[in-house]
Amino acid sequence: MRVDELPDWLPDWCVDQFGDEPVGVLFEARSISAVFGLRLARGREVVVKAREDDGRAASCVAAQAQLAQRGFPCARPLTPVVAVGALAVHAEESLPGGEILRGDTPSVARRYAAVFARLMAELADVQVEPPLPNPRWSRWDHTDSGLWPKIDFLDERDQSVVPQFVVEMAERVRKRLLATNLPCVLGHADFEAQNLRWRDGEVWAVHDFDSLGWQPEAALVGAASGAFANDPPPSLVPVASSAAFLDAYQEHRGRAFTAEELEIAWAASLWTAVHNARWEALHGDAPISLDAVREQAAERLRKANA
């Protein structure tokens with residue numbers, strides 16, 4: 001992408017926030033958010049993120065700023081969240097480098113669990129308004145009618161292509177999750193390999209704090225235990241690896257989960273996968289998550305008492 005291909009609002013936004021205009025595009029990425037790595041005229045490199053303003057961004061950025069100030073390995077926000085039309089926009093420092101740690105074995109799971117435990121311990125002391133609604137892939141706690149959270153671009157597709165067993169698994173998982181009265185806490189709801197970078201065997205950066213959530217700790221941990229290896233396309237790690245993640249997390253946090261928490265963790269480990277299986281069916285994608293759900297659902301449901 002060239003500078004003259006940036007969104008019309010972006011150069012002026014940089015001038016307003018930094019007193020400097022972009023002269024180079026380091027990278028561009030688009031998913032739920034549009035992310036632009038920019039080099040400004042005086043040589044500074046920044047990352048600008050823009051997403052639909054759903055009310056979550058200010059809390060997420062405030063939490064990220066507190067973590068960065070404490071020395072947690074994440075990019076430091078450089079601006080507050082600014083409304084640009086219907087968008088919520090902010091900038092953070094560029095934190096390049098590092099590599100993705102790939103693999104879904106129990107040993108890799110334990111390494112990711114150690115980072116997640118450290119992150120959750122730090123977030124326990126962060127004071128922000130809950131970033132609600134939760135990210136759409138983890139929004140089993142929605143109040144919309146029906147099984148799935150309202151997502152227009154998915155809902156408008158032919159739902160009959162979603163296999164019935166996926167729907168049934170989702171119903172059982174969601175019923176179990178909604179039955180808990182565990183308190184909600186702040187946590188990372190998209191803790192996946194694609195959002196972390198490692199250097200010399202240590203975590204270098206945790207990214208995507210736009211995806212903070214407000215759910216029971218066990219649900220956040222459980223979701224991470226099933227999805228930590230995701231580097232598109234997403235799947236579901238082996239049951240033994242989720243078990244290793246959960247064990248290591250409890251060890252690093254210095255507290256054993258109750259029977260209720262373990263059931264919620266196992267239920268949550270399956271929700272993201274059924275969301276992804278539905279996505280695959282609706283888009284005609286290869287059935288990677290769908291096949292994993294078919295293979296593993298019975299054991300995970302048993303552990304979830306669902």
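Predicted model: local features only at pLDDT ≥ 70, side-chain atom pairs only at ≥ 80, totals over all residues.
Tyr112 belongs to the largest nonpolar core, which has 73 residues, and it is one of the members that touch the most other members, together with Phe116, Phe191, Phe245 and Val274. Helix 8 gives the most to this core, namely 12 residues. Apart from this core lies another one, of 14 residues, and among them are Phe18, Val46, Val89 and Ala91.

Let me stay with helix 8, which runs over residues 259-283 and holds His275. Is His275 buried or exposed? His275 is buried, because its relative accessible area is 6%, and the cut-off for buried is under 20%. Not counting residues up to four places away in sequence, His275 touches Arg136, Trp137, Trp148, Ile151 and Leu154. By contrast, the C-alpha atoms of His275 and Ala117 are separated by 25 Å, and these two residues are 158 places apart along the chain.

Next comes helix 7, residues 239-253, where we can check the length: at 1.5 Å a residue its 15 residues should span 21 Å, and the end C-alpha atoms are 21 Å apart, so the two values agree. Which residues of helix 7 are buried? They are Val239, Ser241, Ser242, Ala244, Phe245, Leu246, Ala248, Tyr249 and Gln250. The buried residues of helix 7 pack against helix 3, helix 6, helix 8 and helix 9. Just after helix 7, Gly254 takes a positive phi of about 70°.

From the side of helix 6, we can look at Ser225, which lies in that helix and counts as buried because its relative accessibility is 1%. Leaving out residues up to four places away in sequence, Ser225 touches Val237, Ser242, Phe245, Leu246 and Ser269.

Helix 5, residues 164-178, also has 15 residues, and it reaches 21 Å from its first C-alpha to its last, close to the 21 Å expected. Its buried residues, which include Val166, Met169, Val173 and Arg174, pack against helix 8 and helix 9.

Now to the second largest pocket, which holds about 150 Å³ of space. Its lining residues divide into 8 nonpolar, 1 polar and 2 charged, and including Met120, Val128, Trp214, Glu217 and Arg253 they come from several parts of the chain listed above. Helix 3 and strand 6 each supply at least two residues of this lining.

I will finish with the backbone in the loops. A cis peptide bond joins Leu132 and Pro133, with omega about 0°, and Pro133 is found in the loop between helix 3 and helix 4. The peptide bond from Pro232 to Pro233 is cis as well, with omega near 0°, and Pro233 has its place in the loop between helix 6 and helix 7. Asp200, in the loop between strand 7 and strand 8, has a phi near 55°, a positive value in a residue other than glycine, and at 75% relative accessibility Asp200 counts as exposed.

Technical notes:
Residues numbered from 1 in each chain as written. Heavy atoms only, no water. Helix = DSSP H or I, 4+ residues; strand = E, 2+ residues; numbered from the N terminus. Buried < 20%, exposed > 50% of the residue type's maximum accessible area, 1.4 Å probe, protein only. Contact = heavy atoms within 4.5 Å. Core = buried A, V, L, I, M, F, W, Y, C linked by side-chain atoms within 4.5 Å. Expected span 1.5 Å × (residues − 1). 1 Å grid on protein atoms, 1.4 Å probe; cavity = no way out; pocket = protein on both sides within 12 Å on 5 of 7 lines; lining within 4 Å. Points joined across faces, edges and corners; volume = space filled by probe spheres on them. Nonpolar A, V, L, I, M, F, W, Y, C, P; charged D, E, K, R; others polar.
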